[in-house]
Amino acid sequence: MSDTIQNAIDYIDETHDKIMEDYKELLHFPSISADPAYADDIRACANWIVQQFKDMGFDNCRTIETDGHPVVY
């Protein structure tokens, strides 16, 4: 097995629990886009995703407001 594949496997093994917790947190957002009552939750979810990207080291990410729902860039 190559070092690259082994490094990837090691990373997954080391971070599995955190990745699953983050995923569960993402799934808790009631982001039902067809229902306007959830607009604030959709915005909060977009902001949460941006923060996750920043925590991973991305330096050019943001939430962009639109006429509809925000998008993550």
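Guide: A residue is called buried when its relative accessible area is under 20%, exposed when that area is over 50%, and partly exposed in between. The structure above is a predicted model, and the mean pLDDT of the protein is 94, with 100% of its residues reaching 70 or more.

Visitor: Where in the protein is confidence lowest, and where is it highest?

Guide: Confidence is lowest in helix H1, residues 3-27, at a mean of 94, and highest in strand S1, residues 63-64, at 97.

Visitor: How should I read a pair of aromatic rings, and how many aromatic pairs are found here?

Guide: A pair of aromatic rings is described by the distance of the centres and the angle of the planes. In this model, a search of the whole structure finds two aromatic pairs. One of them is formed by Phe29 and Trp48, whose rings are 6.0 Å apart centre to centre, with 55° between the planes, a tilted arrangement. This pair links distant parts of the chain, since Phe29 lies in the loop between H1 and helix H2 (39-55) while Trp48 lies in helix H2, 19 residues apart.

Visitor: Are Phe29 and Trp48 buried or exposed?

Guide: Both Phe29 and Trp48 are buried. Pro30, in contrast, which is also found in the loop between H1 and H2, has a relative accessible area of 31% and is therefore partly exposed. The C-alpha atoms of Pro30 and Gln52 are separated by 18 Å, although the two residues are 22 residues apart along the chain.

Visitor: What span should H1 have, and where does H1 bend?

Guide: In an α-helix there are 3.6 residues a turn, so residues three or four places apart point the same way. At 1.5 Å a residue, the 25 residues of H1 should span 36 Å, and the end C-alpha atoms of H1 are 33 Å apart, which agrees.

Visitor: Which residues line the largest pocket?

Guide: Rolling a probe the size of a water molecule over the atoms shows where empty space is left. Here the largest pocket has a volume of about 210 Å³, and its lining consists of Tyr11, Thr15, Lys18, Ile19, Asp22, Gln52, Asp55 and Met56. H1 and H2 each supply at least two residues of this lining, and the largest share, five residues, comes from H1.

Visitor: Why does Asn60 count as partly exposed?

Guide: Asn60, found in the loop between H2 and S1, counts as partly exposed because its relative accessibility is 47%.

Terms used. Residues are numbered from 1 along each chain as its sequence is written. This is a predicted model: local features need pLDDT of at least 70, side-chain atom pairs count only at pLDDT 80 or more; totals for chains, interfaces and linings use all residues. Side-chain values use heavy atoms; hydrogens and water are left out. pLDDT is the predictor's confidence in each residue, from 0 to 100. Helices (H or I, at least four residues) and strands (E, at least two) are DSSP runs, numbered from the N terminus. Rings of Phe, Tyr and Trp (its six-membered ring) pair if their centres lie within 6.5 Å; planes under 30 degrees apart count as stacked, over 60 as edge-to-face and the rest as tilted. Buried means under 20% relative accessible area, exposed over 50%, partly exposed in between (1.4 Å probe, protein chains only). The expected span of a helix is 1.5 Å times one less than its number of residues. On a 1 Å grid over the protein atoms alone, a cavity is a set of points where a 1.4 Å probe fits but cannot get out, and a pocket is an open set with protein on both sides within 12 Å along at least five of seven lines; lining residues have an atom within 4 Å of a point. Grid points are joined across faces, edges and corners, and a volume is the space filled by probe spheres set on the points.
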